[in-house]
Amino acid sequence: MGNKTLVSARDVKKTYRTGNVEAPALRGIFLDINEGDFLALVGPSGSGKTTLLNLIGALDSVTAGELTVLGHDVSGLSRHQRAELRLSHLGFVFQAYNLVPVLTARENVEFVLELQGMGRERTARASKVLEELGLSEFADRRPLEMSGGQQQRVAVARAVASRPKLVLADEPTANLDGENAEVLMHMMRRLRDEHKMTFIFSTHDPRVVLHAYRVVTLTDGKVTSDEKKESHD
């Protein structure tokens with residue numbers, strides 16, 4: 001798998017302001033994330049993991065520094081342009097799943113494809129993705145009719161249905177037992193290997209770290225360690 005740089009952070013800073021009070025979340029991040037990375041962002045609570053993930057996902061804007069995502073200078077994008085980047089090129093897996101409760105599993109996956117402008121073939125695409133992830137039998141169930149592990153796998157199906165270059169996952173195993181966490185991580189590794197997707201996880205979970213091919217540690221808003229494991233190509 002190639003070494004094309006998908007994310008480049010140069011002295012990225014993020015400061016939250018409440019009235020006259022400033023709270024620095026990121027204090028100067030330098031980081032390159034390459035095509036094919038299966039990367040875990042780790043560190044104690046308050047270290048900046050989720051903040052960095054949100055900046056890469058164009059869900060928030062940088063305070064200072066330069067952040068490039070898939071060739072786009074995110075710091076220079078308007079709110080509309082950031083929304084377009086998220087919709088067209090990024091996949092998201094949220095800790096709380098964020099599935100639409102009135103829609104079936106298939107319809108949840110289809111919904112994103114419809115927003116992206118895919119025509120009638122979106123039903124077949126959604127069904128195929130659910131099948132690939134072992135979810136065909138749950139295709140017509142709504143979220144409340146599924147277990148937490150099943151809902152999280154549907155959330156992954158929704159995130160990867162359009163074959164995005166970059167998938168961002170915030171604490172993806174936080175609500176899962178050991179068996180479901182293993183299933184989820186193996187599933188995402190397979191997607192990385194078969195479809196050349198790049199995954200970035202924000203996590204406290206040692207199970208995620210074990211599966212990651214690269215582990216980046218944040219401490220007090222800075223990168224303090226960047227460990228690459230043996231090649232998995």
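## Close-up views of a predicted model

The largest pocket has a volume of about 360 Å³. The model is predicted, so local features are given only at pLDDT of at least 70 and side-chain atom pairs only at pLDDT 80 or more, while totals for chains, interfaces and linings use all residues. Residues are numbered from 1 along each chain as its sequence is written, and side-chain values use heavy atoms, with hydrogens and water left out.

**View 1. The largest pocket and its lining.** Here a pocket is an open set of points on a 1 Å grid over the protein atoms alone, where a 1.4 Å probe fits and protein lies on both sides within 12 Å along at least five of seven lines. Its volume is the space filled by probe spheres set on the points, which are joined across faces, edges and corners. Have a look at the lining: 18 residues (those with an atom within 4 Å of a point), with Leu 87, Phe 92, Phe 94, Val 112 and Arg 158 nearest the centre. Two or more lining residues come from each of α2 (79–89), β6 (90–93), α3 and α5. Helix α3 gives the largest share, four residues. Helices (H or I, at least four residues) and strands (E, at least two) are DSSP runs numbered from the N terminus. By type, the lining has 11 nonpolar, five polar and two charged residues. In this count Ala, Val, Leu, Ile, Met, Phe, Trp, Tyr, Cys and Pro are nonpolar, Asp, Glu, Lys and Arg are charged, and the others, Gly among them, are polar.

**View 2. The largest nonpolar core.** A nonpolar core is a set of buried Ala, Val, Leu, Ile, Met, Phe, Trp, Tyr and Cys residues joined through side-chain atoms within 4.5 Å. Buried means under 20% relative accessible area, exposed means over 50%, and partly exposed is in between (1.4 Å probe, protein chains only). This core has 37 residues, and Leu 133, Val 156, Val 160, Met 188, Phe 199 and Phe 201 touch the most other members. At least two core residues come from each of α3 (105–115), α4 (122–132), α5 (148–160), β7 (166–170), α6 (178–195) and β8 (198–202). A second, separate core has 29 residues, including Leu 6, Leu 53, Leu 55 and Ile 56.

**View 3. Phe 199 and Arg 192.** Leaving aside neighbours within four places in sequence, Phe 199 is in contact (heavy atoms within 4.5 Å) with Asp 37, Phe 38, Leu 39, Val 167, Met 188, Leu 191 and Arg 192. You will find Arg 192 in helix α6, where it counts as buried because its relative accessibility is 5%. The side chains of Arg 192 and Asp 193 are joined by a polar contact of 2.8 Å. A polar contact is a pair of N or O atoms within 3.5 Å; within protein, one must be able to donate a hydrogen and the other to accept it, and residues adjacent in sequence count only if both atoms are side-chain atoms.

**View 4. Glu 132 and Arg 163.** Glu 132 is in helix α4 and counts as partly exposed because its relative accessibility is 26%. Not counting residues up to four places away in sequence, Glu 132 touches Arg 163, Arg 190 and His 195. Phi of Arg 163 is near 55°, a positive value in a residue other than glycine. Arg 163 is partly exposed because its relative accessibility is 27%.

View 5. Not counting residues up to four places away in sequence, Arg 106 touches Thr 123, Ala 126, Ser 127, Leu 130, Ala 139 and Asp 140. With the same exclusion, Glu 110 touches Arg 122, Thr 123 and Ala 126. Glu 110 is buried because its relative accessible area is 12%.

**View 6. Loop residues.** Asn 98, in the loop between β6 and α3, has a positive phi of about 60° although it is not a glycine. Asn 98 is partly exposed because its relative accessibility is 42%. Arg 120, in the loop between α3 and α4, is exposed because its relative accessible area is 82%. Finally, Ser 147 is in the loop between α4 and α5 and is partly exposed because its relative accessibility is 35%.
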